[in-house]
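Student: Could you take me through one part of this model up close? I'd like the wider setting too, told in one go.

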Amino acid sequence: MTAYIIRRLWQMVPTLLGVIVLVFILFNWVGGDPAYVLAGKISNQEQIDNIRRQLGVDQPWFVQLWIFIKQVLTGDFGASWSTNEKVSDILATRLGPSLTVLVPLLIIDTLLSIGLALAVAYVRGSLTDRAVMIACTVGLSISVLVYIIVFQYFFAYKLGWFPVQGWGNGFWENLITYARLPILIGLVVSIAPNLRLYRTFFLDEINQDYVRTARAKGLSENRIMWIHVLRNASIPIITNLMAGLPSLLLGAFLIERFFSIPGIGREVILAVERSDFPVIKALTVYVAFATMASNLLADLMYKAADPRVQLK
Amino acid sequence: MTSASMTNGSAPKAPVRIARAIPHTVSPGLWALAWKRLKCDRVGVASLVIVLLFILMMIASATGLIAKDWAKETGANYAPPSFIGADIEGGAPAAGASPSGMAAAPSSSDFKSEVVDPLADVLAEIKGEKKPAATDAAVPGADAGKSVDPLADVMADIRKDAKSAKADVVEARTATLPLGGDKWGRDVLKKTIKGSETSIFVGLAAAAVATLLGTVFGAIAGYYGKWVDDAFNWFYSVFSSIPYLLLILAVAAVLNQKGTLTIILILGLTGWTGTFRLIRGEYLKHKAREYVQAADAIGASNGSRMFRHIFPNVSHVVLVQLSIYTVLFIKAEVILSFLGFGVPVDVVSWGSMLNEAQNELILGKWWQLAAAGTAMAVLVTAFSLFTDALRDALDPKLKGLAGA
């Protein structure tokens, strides 16, 4: 097991290097001279030269690449070009609000979509099943933007059930007051695709021989569905969950933007709007790393869910 | 032997003499069979018709047959939809009620009520003021900027000029429009049609780019194997370890230049990974098959084997991918344009309409949101249902696995 983890971590190195090179090419070559990007903010030629020296862009490209690799390894991406705040500080302070919304969202969404998917898979082919599937297809087709705009207007602005937007200081205050509507919208958006997907996973299992055997043994339908079918369908569910995990770091950026939640996602949009390259670079690398880590975690969880899985 | 006969599979094996003796019936090809299956699928046909209607609308709008004058301010500002009737409230919500500066434009401008409207003079002035701006540059947004400009007094002389033009502005405008009007009195119906042009075109073109890249990369990686495969797989794992939307936003930040072509490139260049994975797998499977060995024996080159012999046998996968990507990219374009990273401001798209509608909703002007949202939902629903039907028709073994 330990050997496997070490080998997998070792295999991440080339991919991570690739990500670094990709980001480097994007921002240092395609993006052009950062001094020109900054020129809109600072007009003084001397200052621009100064900044170029500070950023190291007057150096040859391999020195610049080395600077970037050092930044990734030390986690010190310098200061934001817009606010002069340290990039590591920005990311650290924005992570909390994002997680306050997204962790409850992920938990509720997973439990609800698994429960509902088991239910509709159990009554597969019935009117309920078809109605739920049609609702999911239609629900999926409506833009996330429409959901956010309408929900914010109707539930917060018109009915006043939730605050229209904002964010407080205390964790509980945020969770109980401000995060409720964002979580609700997140659920509406994410349950439809997950429910559809998980239903197909359960349908694959429901006709297997072991289900008939379990019935023949006289097990209750609840036990068959929740213990036997769920466990056997858990591998694709874990894959889907883990694939969505890195976006936890990125945050539901549209929701954060609409509700003025000072999270990572909103920060990304602000950074793109302001051409704040250090922030985007840092985030891209970190999120790529989180993706690889969650892939590894997913493989380890397969083993826990299904002892037949061989880790190679 | 042609690749077409390979697709049929069974026919060419029989000796020539026997083939003559038996009345020669060509067994229907993959596409004919798929079409037959698709025709039996009522939901599939209905969704195909809707998708085709949308594409027809897009072509008609692109060639200027319909919605050519979408930018013309034909109605009153925020003209309500005809089925509701003219706005009788007069000077409704105060401009300050909106949290956003953009929406601080005059909220009502019904001409029948103008006589009793205490704000009529101001409204007329602002309306008149728009005239020169609208004629010399059709840039929406410039007008709104002026109406909230605290330095607007400086523009007094421009307004004086404009007052003379006010008369024909007023008489050209109607109180209601079929699906309502936007802030500047432009017809929402025409905007929605024009917006479909951008959204559908971007979706289709970006999907074509992404599928093409994914197919070519996947074919090369799967066909050649060995170190080529390793190299492409490394490339794939690099691209797929960055979440898709973050990659799009990063590329958008770097390119920093708006345009339909830019957004097609952004979506296309970042979106090839899914197709790559599937096509690579298909090529790995197919390259060892007998018909490819046969092609090798008759001296077909690598390129010919890859694209003339194997490709027709995996093309159904490509087609389904193209369909899936189109839906995905239509959605992505709407979000990008909404955020202002998509098409430029003078191009209307469903995303930019939703952006305007966001502020209008607080004033109670819901029709632009409804029009853009509904048009998109109908198209995306139809396209997804069509994709499912297409997949079932092309690969009946999969039937029932996904949805339905």
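**Chain A, then a helix in chain B**

Tutor: Let's begin with charge: in chain A, the mean positions of the 26 positive and 20 negative charges are 9 Å apart. Here Lys and Arg count as positive and Asp and Glu as negative, with His and the chain ends not counted; each charge is placed at NZ of Lys, CZ of Arg, CG of Asp or CD of Glu. Before going on, note that this is a predicted model, where local features need pLDDT of at least 70 and side-chain atom pairs count only at pLDDT 80 or more, while totals for chains, interfaces and linings use all residues. Residues are numbered from 1 along each chain as its sequence is written, chains are lettered from A and ligands numbered from 1 in written order, and side-chain values use heavy atoms, leaving out hydrogens and water.

Chain A has 16 helices and 0 strands (DSSP runs numbered from the N terminus: H or I of at least four residues for helices, E of at least two for strands). Its C-alpha trace spans about 80 × 55 × 35 Å along the principal axes. Of its 312 residues, 47% count as buried, meaning under 20% relative accessible area, with exposed over 50% and partly exposed in between (1.4 Å probe, protein chains only). Among the contacts in chain A with a separation of 6 or more, 72% are between residues 24 or more positions apart; a contact means heavy atoms within 4.5 Å.

A polar atom of the Thr270(B) side chain lies 2.7 Å from the backbone oxygen of Ile266(B), and one lies 3.4 Å from the backbone oxygen of Leu267(B). Polar contacts are N or O pairs within 3.5 Å; within protein, one atom must be able to donate a hydrogen and the other to accept it, and residues adjacent in sequence count only if both atoms are side-chain atoms. As background, an α-helix has 3.6 residues a turn, so residues three or four places apart point the same way. Leaving aside residues up to four places away in sequence, Thr270(B) touches Tyr244(B), Leu247(B), Ile248(B) and Val251(B).
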